[in-house]
Amino acid sequence: MYPIYQFVTGPLAWLSLSIFFIGVIVRLILYIRGLDWQADRVTYHANVSYGVKGALRSIFFWLIPFGTRSWRANPGFTLMFFVFHAGLLITPVFLQAHNILLKERWGFSLWTISDKTADILTIAMLVAATFLILRRIALAEVRILTNAYDYIIMAIAVAPFITGFLASQNVSGYNLWLILHIISGEIMLVAIPFTKLSHFILFFCSRAQLGMDFGIKRGGMKGKGFAW
Amino acid sequence: MPEGKLCNRKPINTKEELHELLADKSGKQYYQEMNELDVDRGKLQAMLQKSLKSRLKTWLEICAHCGLCADSCFLYLANNRDPKQVPSYKIQSTLGEIVKRRGNVDNTFMQMVMDTAWSKCTCCNRCGSYCPFGIDMGIMFGYLRGLCFAQGFVPWEMKIGSGMHRVYRAQMDVTVEDWVDTCEWMAEEYEDDWPGLCIPVDKEGADIMYTVNAREPKHYPEDIAEAAVLFHLAGENWTVPGEGWEETSLAMFAGDWEACKLQVESVYDAMHRLKPKRMVVTECGHAYRATVIEGPYWAGIKTGKTPVESFHYVEWVAEALRTGKLKIDPAKKIKEPVTYQDSCNYIRNAGLADCGREIMSYIAEDFREMTPCRENNFCCGGGGGFNGMGRYRAQRNVGLKIKRDQILATGAKLVISPCHNCWDAIRDLEEVFHIGIKWSFLKPLLIGMVEVPEHLRPPEE
């Protein structure tokens, strides 16, 4: 058990974190380099203040629950969406257990949430994930778009939380859940640059780009920004 | 197989080719030949390699299959929420497939792509505003139409339309001579009622250069006269160009990017030649979108702006009313319930929703907004060339239901529609569904309502 633990928290952790960080940066650079003002029909280097304003508005309103017309038109989905992502992003970063490791390894830690809060966020996230999967199966307009890949991506995202939760509750088989948690977390990190989980960074890129489009070309220079 | 005589990968560049294609009633032979048209896979691959960049590639890849685009699409709603009409499905099953297969597609597939691109999307861009990732499927369909055009899989009327732009620099066979003659004729016709009326052609240094839709000289010349009267009453120093007089773009609907460039350049050349302070375009949505919004990019202008500042007609009208250049006789304001059609191309895609409301505040006593309205309004049902393709008339008529229901819900008896395509769609909607409405451009309504300054009135009989 000990050598496996050493391995997954040692070399494998370094590898997966490196792939994650470098991969995300590479995706960002490739995206930006592949923009073409004439093909995209948006001036990236001219009308910059309008572009920046448009980009920020485009990101900002969509990051707020019910902040856009589209979010408001789909309230149930929007609620599940934000609960899912809040749990997904807040829990790993501010978990006490993770920050203790951080402190031990690298001498610093972030602000932490209580274990009770982490439990609530995790369960809420898993409930939301369940609803999202059921929605995929139940709604015709979502079903027709769905394929196996969508379920695999969801599994990759959810596995670290199921295994992590079980480990945190000290159920029997703790050692197994811990190792599975670490490995599934590393799989998720590595998957981010290479799969649709790349929306971790590309959401911001795509939204900024469309925001610039509306901010410069489609009305932004003649008045207020687009009414997202 | 060799390419067809009428259906092939070559765009129309001469009058003779245009007449040949027009002579083939409803494109009967054209579509027959299309069944034998091979896909030039090398050309398709090269085009993808050259033109499919980060933005489109990322859009295709990161779609999370969430389905939020479904309810945003009027065709999805009009077709009883048929899942095959979900915008993401429509684009993934066409452009997405072409990209996945690296252009290794066949004739049957490309005909399906053509049918999807021209009858299942009007490029209204409403879906793009509903997608959490900002994936604009309307833009992707515009791009896809370009791939189809290059391969020859383009609807008959669209091939003709882009051919018109290539030959006449106008969407119809109206020469510069025809255009100037029509202007002279209209000025003569309306002079008696409006003394001093004239339609200056090619005047340099005017405040306004006014450009139109070829439908106007060809079928609705009174529109030109009305525009002239309104500029005359407003005391504008204006002109029309000789060459470069037309600002529509069926080429844009057809996916003929080369013709798009040629067309807008003819208008920009007129701007350079005549050096007006600004350009005002007639009541046409896609003309504004093509010539003012997208045009600079086709023409390679790095600022993204037209050589001279350009305005849609509603901007001029709002300004004229606001500044008092045009004054409305309060007794003649529209009393019956009236609503306003928000055309996608100059409202959702150009931000001019406020102008329409400002105008309504001057001319209507009972103005009723559609639901939804402004940037969120639905396509009229006829955009993107939908109004003009015989092959897809049935599908177009289904799409009209959404606008019909919106109008009915307002209780309005009159629909104001400052856009040629929307005007046509609403006219057709009335013809198909008989809901008892009238529809109008702004010009004829304004002429009936404005106060005529003393010195411009005709002499007493």
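Helices (H or I, at least four residues) and strands (E, at least two) are DSSP runs, numbered from the N terminus. On that basis, chain B of this predicted model comprises 21 helices and 8 strands.

**Chain B as a whole**

The C-alpha trace of chain B spans about 75 × 45 × 40 Å along its principal axes. Buried residues account for 56% of the 461 in chain B. Among contacts in chain B between residues at least 6 apart in sequence, 80% link residues at least 24 apart.

**The contact between the chains**

In total, 44 residues of chain A are in contact with 41 residues of chain B. Several elements of chain A give two or more residues to the side that touches chain B, among them α4 (48-63) and α12 (199-217). The most comes from α12(A), with 10 residues. By class, this side of chain A has 18 nonpolar, 15 polar and 11 charged residues.

Helix α12(A) packs against helix α4 (residues 54-62) of chain B at an angle of about 130 degrees, their axes being 11 Å apart. The residues that make the contact are as follows.

| Helix | Residues in the contact |
|---|---|
| α12(A) | H199(A), L202(A), C205(A), S206(A), Q209(A) |
| α4(B) | R55(B), T58(B), W59(B), I62(B) |

By class, the contact of α12(A) with α4(B) has 4 nonpolar, 4 polar and 1 charged residues.

Conventions. Residues are numbered from 1 along each chain as its sequence is written. Chains are lettered from A and ligands numbered from 1 in the order in which they are written. This is a predicted model: local features need pLDDT of at least 70, side-chain atom pairs count only at pLDDT 80 or more; totals for chains, interfaces and linings use all residues. Two residues are in contact if their C-beta atoms, placed from the backbone, lie within 7 Å. Ala, Val, Leu, Ile, Met, Phe, Trp, Tyr, Cys and Pro count as nonpolar, Asp, Glu, Lys and Arg as charged, and the others, Gly among them, as polar. A residue is buried if 20 or more other C-beta atoms lie within 10 Å of its own, exposed if 12 or fewer, and partly exposed in between; C-beta atoms are placed from the backbone. Axes are lines fitted to C-alpha atoms, for helices over the stretch in contact, and angles run from 0 to 180 degrees between N-to-C directions.
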